[in-house]
Amino acid sequence: MNTFGNKFRVSIFGESHGERIGVTVDGVLPGIPLGVEDFTQDLARRKAGALGTTPRLEADEPEIVSGVYEGHTTGAPLTILFKNENTRSEDYEQFRKHPRPGHADFTANLKYGGFNDPRGGGHFSGRITLGVVAAGVIAKKMLYFAKFHAQLVAVGGIQDAAQWPEALKAAQAEGDSLGGVVECTVEGLPIGLGEPFWNSVESQMAHAIFLAMALPPRP
């Protein structure tokens with residue numbers, strides 16, 4: 001699935017080593033102030049370079065190509081593009097014959113009859129989450145009526161942030177990774193959001209979270 005949501009629909013597209021990747025968001029409220037600078041903080045948090053992240057470095061500069069006019073959202077589908085520049089596609093040729101455990105190399109090849117783009121994981125790369133982060137920025141701008149707070153409270157079972165770097169170094173030395181716990185608090189939401197059973201708020205959130213968890217580590 002490349003599209004998620006009903007009233008706020010997020011569609012991701014592109015491949016890890018293609019010319020561009022991006023996201024289209026439909027259902028954006030009109031009149032919301034929005035510019036490239038609004039994405040800087042959240043995109044920087046995702047950016048590679050920190051301990052335990054991929055060595056691939058990209059500018060990750062958003063290009064808003066529709067849905068914004070004179071600094072405000074128009075209500076039309078909003079599309080944002082990102083260029084791919086730091087790619088080493090030749091490193092991935094071997095994975096056609098020897099797929100990586102834990103990645104989508106094997107299943108994607110069978111699912112699409114060998115026509116999938118294998119470079120960097122193609123459309124199954126964690127780099128595609130760049131568009132998801134951009135959509136999250138837009139969603140936060142729309143939640144003007146709520147006080148939203150998200151905080152990383154534990155990494156690898158360690159709550160003291162001062163101890164995280166050493167834990168990350170130890171995991172990296174062993175070729176391992178660490179999980180984390182994120183707490184989110186929303187105040188002021190109206191009563192009655194969501195639908196009974198299949199489309200409850202909890203169900204939809206779980207759906208989105210598990211989709212994100214299914215992606216492999218970004219190459």
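The points below describe the fold, the sheet, the core and selected residues of this predicted model.

1. Basis of the values. The model is predicted: local features need pLDDT of at least 70, side-chain atom pairs count only at pLDDT 80 or more, and totals for chains, interfaces and linings use all residues. Residues are numbered from 1 along each chain as its sequence is written, and side-chain values use heavy atoms, with hydrogens and water left out.

2. Overall composition. The chain holds five helices and nine strands; helices (H or I, at least four residues) and strands (E, at least two) are DSSP runs, numbered from the N terminus. Their order from the N terminus is β-β-β-α-β-β-β-β-α-α-β-α-β-α. Of the 219 residues in the chain, 30% are buried; buried means under 20% relative accessible area, exposed over 50%, and partly exposed in between (1.4 Å probe, protein chains only). The accessible surface of the chain comes to about 14,000 Å², and carbon and sulfur atoms account for 58% of it. Accessible areas come from the Shrake-Rupley method with a 1.4 Å probe; for residues, only the protein chains shown count as cover.

3. Contacts along the chain. A contact means heavy atoms within 4.5 Å. Among contacts in the chain with a separation of 6 or more, 68% are between residues 24 or more positions apart.

4. The sheet. Five strands form an open, antiparallel sheet in the order β1-β2-β3-β7-β4. Its edge strands are β1 (3–4) and β4 (63–66), each of which pairs on one side only. Two strands pair if DSSP finds at least two bridges between them.

5. β1 and β2 are antiparallel and share two bridges, and T3 has S11 in β2 as its bridge partner. Four residues lie between these two strands in a hairpin, and G5 in the turn has a positive phi of about 110 degrees. A second hairpin joins β2 to β3 through five residues. Strands β2 (residues 9–14) and β3 (residues 20–26) pair in the antiparallel sense over six bridges; in β3, I21 stands opposite G14 and V23 stands opposite I12.

6. The nonpolar core. The largest nonpolar core has 19 residues, and V23, F39, I80, F82 and I138 have the most contacts inside it. Such a core is a set of buried Ala, Val, Leu, Ile, Met, Phe, Trp, Tyr and Cys residues joined through side-chain atoms within 4.5 Å. β3, β7 (78–83) and α3 (129–142) each supply at least two residues of this core, and α3 gives the most, with six. Leaving aside neighbours within four places in sequence, V23 is in contact with residues including I12, I80 and A134.

7. Residue D42. D42 lies in helix α1 (residues 40–46) and is buried, with a relative accessible area of 15%. Not counting residues up to four places away in sequence, D42 touches V133, V137 and K140.

8. Residue E70. E70 is found in the loop between β5 (68–69) and β6 (72–73). Although E70 is not a glycine, its phi is positive, at about 50 degrees. E70 is exposed, with a relative accessible area of 65%.

9. Helix α4. In helix α4 (residues 164–173), W164, A167 and A171 are buried. Seen down the axis of α4, its buried residues fall within an arc of 65 degrees, so they line one face of the helix; the arc is that of the directions from the helix axis to the C-beta atoms. On the other side of α4, E166 and A173 are exposed. G175, which follows α4, has a positive phi near 70 degrees.
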